[in-house]
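User: Please walk me through how to read this model, one feature at a time, beginning with the confidence of its parts.

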Amino acid sequence: MLTYAVKRIGLGLLILILVMIAMYAAVFLVPGDPATVALGPRATPELKRLLIERMGLDQPVWWQIIEFFRNALTGNLGYDVWSNRPVSTLVLEALPNTMVLGLTALAIALLIGVPLGCLSVMRRGTAADAVIGVLSVGVIAVPSFVVAIYSLLVFAVTLRWLPAIGAGEAGDFASQAKALVMPAAAIALGWIGYIARMVRASMMEVMGEPHIRTARSFGLPEWKIVSKYALRIAIIPTISLVAVGLGSILSSAVFVEAVFARPGIGKLITDAVNTRNYPVVMGTVLIMTAIYVSITIAADLLIARLDPRVRDVFRG
Amino acid sequence: MSGSLSATGLSVRYETPHGAVHALRHVDIEAHPGEVIGIVGESGCGKSTLVTALANLLPANARVEGSIRYKGVDLAKLDAHRQRLLRGDEIALVSQDPMTAFNPVLTIGDQLLDFQHHRKDLGRGEKRARIAAMLGRVGIADAERRMHSYPHELSGGMRQRVAIAAALLTDPGLLIADEPTTALDVTMEAQIIHLLRELRRDYNGIIIVVSHHLGVIAELCDRVYVMYAGEVVEGGEVDAIFHDARHPYTQALLACDPARFHERLDRLPTIPGSLPSLTQPPLGCVYAPRCDRVFAPCASIAPPLVNLAAAHVARCHAVTP
């Protein structure tokens, strides 16, 4: 198990390095140097030179990458080109909002999607199963920013039940929770469908296995067979799906934060890209990739915990 | 008689997109407490369908006719809920393949605890104590530790012992063992047969053992039903079936059992031909196309069940009492 964890973490670090090399390559390959793009065509050559030096753009690309990682190891992710504040501070300020948004969305999706999938299996072949199936595919097909805009229109503009923008008053839980409802629901909606489909599909497979017949032959009630005997096995592919899907949840957070003008990583990165604030872009991408990689590793370790057979393979 | 089981005119057909499959036709069997009943036949003869029907575990596309009376209740007429209450309480099934019979992600102890769910009178601690005692009784050393094992950590023979323990834990009046040794190697098979023989001494319900292995049946059972193509073709005491078989199919089956040959043969005997289609069963005798004693009525008239002696019956035109 330990060797397995170490191997996974090493692989994760490799992914981080590759992503950052790709990011630097992308900046390097884009026509025009970042300083000129950032300052606009009417900037004086002195100002431009100053910015190029500050951003380290006079150094070769490979040196920039090495510098970046050397600084990152000491917790220094560089400085915001415009405000000169440390990127690490900006990211740490924005991160909690995005994490709360992403995790709430995920919790909603799991809490609704998994029971819907189970219900589909228990009522397979009935109208309820068909309705859940159609709705699932329907919500998967609707992009989260469309849900965001329409829910904004209905619940904030017309009904005035929920606030349209922001993340709520600092320290006021009720107002923060209210501000969280629509953005989280916008992200969660499609995932409810995904998870319901996934749980149903893998559960249908598990329900045909002989050990389910054994559980039936002892007269266990159907809900117990579904929720304990089948779900424990059927949830495993769903965990992998959700871990991989977290990348897409975080990227929908970018759109959703933009629509609801919600402070967070998404807003930080869109603003930074628009103002060519490369240190902020690089720092944010590094942190997000690190989070994404850790979640994937955590999911694999969780699967190993849930399935003793997997655990034994790793132990050996 | 109280505690007895009798199936009368039991037929099961599966509705499939390609038409109905008549898996079981007009089967009559009976079993009394303390008896071990064997059901023998080749693959596809309907023996699994028969025990699945007795355990009320038929799939949704199965249609049942006839009756299964157990303790005065017709199991075939009970609703799904009442059937479920009988399973794991009155009726227990030891399923075919011990390698896949248990949930792979739950411990043995956890599953055996759940399987006693009908016993509302017992607490968790009492149920765990019963599991440990029962595992010891079926010959599992270190029962306490084994309760924390996952199925894949046990050998096939051990898992079959656990499966038997699970069934016995429910104190069933009817214990059905569906091919209990088929998935095991020969030494394990001998051990499991030995275990079942020991257990039957202080068990006073009905045991039904299904097997295609004549040796297993001969060693374990009091009475045997021989099945062919969804029908019981012959039934009787073990001695009568093994030494005085009257139905041509039973005779052919016995003649093909390698364990009964005294000298080495160059070529093992087989029954020529193959099983009839269960979608369109033959009008007359199901065995007629392969029978060496076939005569005029066999092809067109279904043979009656002929009473040969006390508890010895055969479904054949050629036999006479």
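Analyst: Within chain B, the mean confidence is lowest in helix α7 (residues 186-201), at 83, and highest in β9(B), at 94; the scale is pLDDT, the predictor's confidence in each residue, from 0 to 100. Helices (H or I, at least four residues) and strands (E, at least two) are DSSP runs, numbered from the N terminus. This is a predicted model, in which local features need pLDDT of at least 70 and side-chain atom pairs count only at pLDDT 80 or more, while totals for chains, interfaces and linings use all residues. Residues are numbered from 1 along each chain as its sequence is written, and chains are lettered from A and ligands numbered from 1 in the order in which they are written.

User: What is the mean pLDDT of chain A, and where in chain A is confidence lowest?

Analyst: Chain A has a mean pLDDT of 82, with 96% of its residues at 70 or more; the lowest helix mean is 68, in α13 (residues 308-315) of chain A, and the highest is 91, in α9 (residues 210-217) of chain A. For chain B the mean is 88, and 100% of its residues reach 70 or more. The model as a whole scores ipTM 0.86 and pTM 0.77.

User: How many helices and strands are there in chain A?

Analyst: Chain A contains 13 helices and 0 strands, and its C-alpha trace spans about 85 × 60 × 35 Å along its principal axes. Of its 316 residues, 34% count as buried, a residue being buried if 20 or more other C-beta atoms lie within 10 Å of its own, exposed if 12 or fewer, and partly exposed in between, with C-beta atoms placed from the backbone. Among the contacts (C-beta atoms, placed from the backbone, within 7 Å) that join residues at least 6 apart in the sequence of chain A, 71% are between residues at least 24 apart.

User: How should I describe a pair of packed helices, and at what angle do α5 and α11 of chain A cross?

Analyst: Two packed helices are described by the angle between their axes and by the distance between those axes. The axes of α5 (residues 87-122) and α11 (residues 265-274) of chain A come within 7 Å and cross at roughly 135°. That angle makes α5(A) oblique to α11(A), since angles under 35 degrees count as roughly parallel, over 145 as roughly antiparallel, 65 to 115 as roughly perpendicular and the rest as oblique. On α5(A) the contact is made by A:Leu90, A:Ala94, A:Leu95 and A:Thr98, and on α11(A) by A:Ile265, A:Gly266 and A:Leu268.

User: Which residues have the most contacts inside the largest nonpolar core?

Analyst: A nonpolar core is a set of buried Ala, Val, Leu, Ile, Met, Phe, Trp, Tyr and Cys residues joined through C-beta atoms within 7 Å. The largest one here has 162 residues, and those with the most contacts inside it are B:Ile176, B:Ile208 and B:Val226; its largest share, 18 residues, comes from helix α8 (residues 173-207) of chain A. Leaving aside neighbours within four places in sequence, B:Ile208 is in contact with B:Ala31, B:Ile37, B:Ile39, B:Val51 and B:Ile176.

User: Is B:Leu175 buried or exposed?

Analyst: B:Leu175, which is found in strand β7 (residues 174-178) of chain B, is buried, with 24 other C-beta atoms within 10 Å. Its C-alpha atom is separated by 6.2 Å from that of B:Ile208, 33 residues apart along the chain. Beyond four places in sequence, the contacts of B:Leu175 include B:Ala92, B:Ala167 and B:Gly205.

User: What is the phi of A:Asn84, and where is this residue found?

Analyst: Most residues other than glycine have a negative phi. A:Asn84 is not a glycine, yet has a positive phi of about 65°; it is found in the loop between α4 (61-73) and α5 of chain A and counts as exposed, with 8 C-beta neighbours inside 10 Å. In chain B, B:Asp142 also has a positive phi of about 65° without being a glycine, and its place is in the loop between α4 (124-137) and α5 (143-146) of chain B.

User: How many residues of chain B are in contact with chain A?

Analyst: At this interface, 24 residues of chain B are in contact with 17 residues of chain A.

Technical notes: Contact = placed C-beta atoms within 7 Å. Axes fitted to C-alpha atoms, helices over the stretch in contact; angles between N-to-C directions.
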